[in-house]
Amino acid sequence: MSVAARALAVGAGVAVGAALIAYYIVGYLTVTPPVVAATGSGPQTHLTLQTVASYGHDPHPDWVSYLVKDPQGTWVHSTVFRVPAHSLVKVTVLQYDTATGLRNPFWGQPEGTVGGTMTVDGKVLHQLDPDLASHTFAIPELGVSVPLKGVADDAKNQCSVAPCTLAEAHTTVSFVIRTGKPGHYRWQCFVPCAAGFILGFGGPMQSLGWMDGVLEVV
Amino acid sequence: MTDSFQREHRSLWQGVLGFNVLTAIVLGIVGFFVGAWIGGKIAVGHDYLIGTDQNDVGMFMGYLFGTLGWLAGLGFLNYPLSRMAGRPPSLRHHEFGGVGRYFRLCTDHKVVGIQYFFGVGIFFFIGGLNAMLMRTELLRPTEHPFSAGQYLSLVGLHGTMMIMMTSAFIVGPFANFLLPLMIGARRLAFPRIEALTFWLTPLAGLVLMSAIARNGFPTGWTGYAPLADEARAGMDAYIFAFILIGTSLTLLGLNLLTTVLTMRAPGLTWSRLPIFVWGVASTAILMALAAPVLVAAMLMGLMDRAANTGYYIASIGGSPYLYENLFWFFGHPEVYILALPGFGIVLEILPVFARKPLWAYRLAVAGMLGVALLSFMVWQHHLFVSGMNASLRPFYMLTTELISIPTGFIFLNAMGTLWRGRIRFTVPMLFALAFFFNFLIGGLSGIFLSDVPSDVTTHGSYFVMAHFHYTIMGGLVFAFFAATYYWLPKMLGFTLHEGLAKIHFWLMFVFFNLTFFPLFAAGFVGMPRRVSTYAPGLQPLNDFVSASAYVLGFSMLIFLANLVYSLVFARVPAPDNPWESKSIEWQLPTPVPVLDFDRIPVFNTTPYEYGVEDAPPVASLEPSPVPVGS
Amino acid sequence: MSEVRGQRIPRHGVRILVVWAVLSAIAIPLVLLVLGPHLPPGRMSNEASAQTDANARLTALLTPILLLILVFLAYAVVSFRQEGSAIQDGPPMRGHNGVELTWLLVTATIVVALAVWGSYTLVRSSPGAGGGQGPSAAFTPSGSSQAVPIQVIGQQWAWSYRYPTYGGFETRDLRLPVNTLVAFHVTSLDVTHSFWAYRLGVKADAVPGVDNIAFVKARDVGSFTIRCAELCGLWHGHMFGTGHVVPAADFRSWASQQQTTQQPFSKYLGPYSRTYFPLPLHRAG
């Protein structure tokens, strides 16, 4: 082969390699859920979330998941939220999943919220029977942990495809947290709610965008 | 006479359509889908799979049938089937000539050696790319630019590429090519199995990389259960790839050991055996005995994931300790599988460039065999704080400390060989000397880890990371490059560019140390392993390490550039013996003839007869026939 | 053999040993006196102190060994070079019984001495050295039967602590009394974690179904970082926290107060146990 032909072959090889590496980085490594900002501004913002029993769409129709409402009112399948620093954030969770019980009943007590309480379906509670919990919303680095009460097993009109509407069976849990200095804080669910996975902690429980997320405090 | 061996020349079409890596890929993919379909049928209705949206049974069956398709596509089933059909046995396939033979089943050990060089080398560089990406993540104390899940997959892929795939980094290319030459044989004991051990390796690499399509795996290269049991489908790729590599290692070890034990040429007594052969033989013992334990551990993990067994799950009667013990019973000999060939390489190279015999040959042999034996008795040092029976800790502390004695012999050999030598600073010699510098630091840091109180400080921290990078990368990888620059002219017939090689060496040596030495400090101040977030005060240290790592990666690109330039463009033919070595492979012409030797040689001395007046050549290549019984 | 063909051979060995001795004489005191006190993990507890001493003595011992080989390599690279471009052979030395035997004996002695000294620390002078020893701890400090038990529960991905002698209340707040022997009972609810209290010098794997006991006696009041030292999944790097060593009286009053305030919830918590096998194993549907 002539020198030119060899140079062309080497160049083609390098180009293919670079393309594969670029695809690896862009197509897999840097894929994250979109950032959704909390609604409102100023000293108190509002974050509305929902938890569904099964997502109902590809890539994982049977996985449990969190969704968040963006400031325009549409439900987005993301778990990365942006809230302002040094302010209060009122979090409302519409909980559509049935109860499984907590692996560690300790998480049945709300912690780190303003007042140390949560409001479930209108009533202010200091603790929740762990067997009634379906998920938790916890930001361990801020000391926040709130159990989310599950829907009764025999409730009518249960939701199985996200996003769920207010007409379907749900519980409403709300609480207020105070943010401090800016940073990235991870949040997660502590209920082992990954159906079918051993110990209930695989799959959605270990995936950003489903049951784990990041709170960006800016 | 050596060219009387038949080489068929076929047209390009016949070459492309025959049994080669292309048909292997096609049949492998077909097999994967067949297996996945079968697995789907098997797994219908099992409640432990409902809700997970992943079918581990399908994945494993898919990989299994994919492996069969791959092997069938390469032609591995041809010989067994033809024998079953009654055809006579054959000693050698009709082999292709030309470049085509590197892409198909070839039983020429020289071809397998070169296949290993490139087939394993590519995964080394992919692992290195993952390392560069990991260091990019660690530039900041938060998860940026990759999220935590992707970072863990990077960590796992880097570790498995570097350990799993490069278990045969030296043994693959250099033992396959050189071992028969060094003992005066024309092949290994089992040539078809030799080809099989190679072709399982890139398959394992492809299976491992398919984990990316399944969101990777979160356990790092150690694959601890029960995290492995609850992981997503990418874990199946890891498990199956390790099963393939474990099988390949076992077969390769048995092959090499049988060859060394039974196929040495006349006159090659044990005390004349080149030290590289001793290194390979001791590695082969470890491969044959330790790798099957890994396969067993992986099979149990496979069943936990796909068949709802509970080997590693405490709630239903299993134990995570079972996995940890089985894994480290393999894992510790594995790191000696990585290190011992490196010892063999550098002790082989040092006499050539110091122009003196290998000093204290018997200690070198004792050292290698001692390391091989003791490596089976130390594995608990990975588990000092795990909660397993603490009363055994003093025993394992003793055995782990004792393993420094045979390792120390290697240093004595090096010092004695260098003593009053006439050192030539060629690139292989530079890498060999750097090996000793790096392994010294790595080995001494191991003493900290073997002392239980000190291990409580450093276990699971970056100190361990620095230790094993110094011993494995500073050891194995530097020895690999020493061997490459030394033997590639013989193996491929072309000279490598010396200027680029020296730039590669100096950049790599300096920046390797600048990358990994600070990690001892990072471990001492409390940074754990495998984390994408760290205390903000450690950012300057991590940034320095990442910058050094980028230059280290750049030095690898210089090596690749040298390879491409020398092999594709410059193509300067290499002389038969550019290093003036007395070892037998350098007495053969370059390129080495197909059948290696015209006649099986008769050995006279060790290959280290430097400085000896009127020393005979290491072997007579044209011996007169020797009467039976003499 | 100091003369070959009428040429005096330089006394390489003497030169190397002299350089090595001088460097070691400088380095060893530096290591022991300047570096040693800064070695991890510090002196906050008896066990951490034992580890710091082990680290210091190992560094001090390994320094001359490192220096010997490095001085030799540097000297060899400088002195034992090929002169000119013609390849010359060196003297055909194959070995020396005396040197080989001496090396074997010296390395064996050092290594066995280290093992014995390490065992002595582990068994006698600081039993356990802060490491997790499993349910039947083999090396227990004196007074271990009166040790204050604190259970460390690892779960994906946070630590929580139970105090069995105070009614088994659970909290995310780790506090220890100073100058009191504490027995950490480390266990896990799901996968393998590792409880690493850096300045206390405690490291014990949290394994499901296992009660891993690590003893510690803190000497100073203060706070310490807690990290997870075994890869446990997505947020492994985020499983950190801060623990506090407080005066013993403060500890008792805090614990009693917690026991009272947590009383209403204790019916949900379940009884204290050395290990837990909580359900669900697989969450169904």
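These legends describe close-up views of a predicted model.

Local features are given at pLDDT of at least 70 and side-chain atom pairs at pLDDT 80 or more, while totals for chains, interfaces and linings use all residues. Residues are numbered from 1 along each chain as its sequence is written, and chains are lettered from A and ligands numbered from 1 in the order in which they are written.

**View 1. Chain A and its strands.** Chain A contains one helix and 13 strands; helices (H or I, at least four residues) and strands (E, at least two) are DSSP runs, numbered from the N terminus. Along the sequence the order is α-β-β-β-β-β-β-β-β-β-β-β-β-β. The C-alpha atoms of chain A fill a box of roughly 80 × 40 × 35 Å, taken along the principal axes. Of its 218 residues, 49% are buried (20 or more other C-beta atoms within 10 Å of the residue's own, with C-beta atoms placed from the backbone). Of the contacts in chain A between residues at least 6 apart in sequence, 71% join residues at least 24 apart; a contact means that the C-beta atoms of two residues, placed from the backbone, lie within 7 Å.

**View 2. Helix H2 of chain B.** Helix H2 of chain B covers residues 21-42. Its 22 residues should span 32 Å at 1.5 Å a residue, and the end C-alpha atoms are 30 Å apart, which agrees; the expected span is 1.5 Å times one less than the number of residues. The buried residues of H2(B) are B:Ala24, B:Leu27, B:Gly28, B:Gly31, B:Phe32, B:Gly35, B:Ala36 and B:Gly39. These buried residues pack against helix H3 (56-74) of chain B.

**View 3. Where chain B meets chain A.** Here 26 residues of chain B are in contact with 24 residues of chain A. On the chain B side, helices H5 (109-137), H6 (148-163) and H19 (539-570) each supply at least two residues. H19(B) gives the most, with three residues. This side of chain B divides into 15 nonpolar, six polar and five charged residues. Ala, Val, Leu, Ile, Met, Phe, Trp, Tyr, Cys and Pro count as nonpolar, Asp, Glu, Lys and Arg as charged, and the others, Gly among them, as polar.

**View 4. Where chain C meets chain B.** The contact takes 82 residues from chain C and 82 residues from chain B. On the chain C side, helices H2 (46-79) and H3 (97-125) and strands S8 (193-197), S9 (202-206) and S11 (222-228) each supply at least two residues. H2(C) gives the most, with 13 residues. The residues on this side of chain C are 45 nonpolar, 29 polar and eight charged.

Methods. Buried ≥ 20, exposed ≤ 12 C-beta atoms within 10 Å, placed from the backbone.
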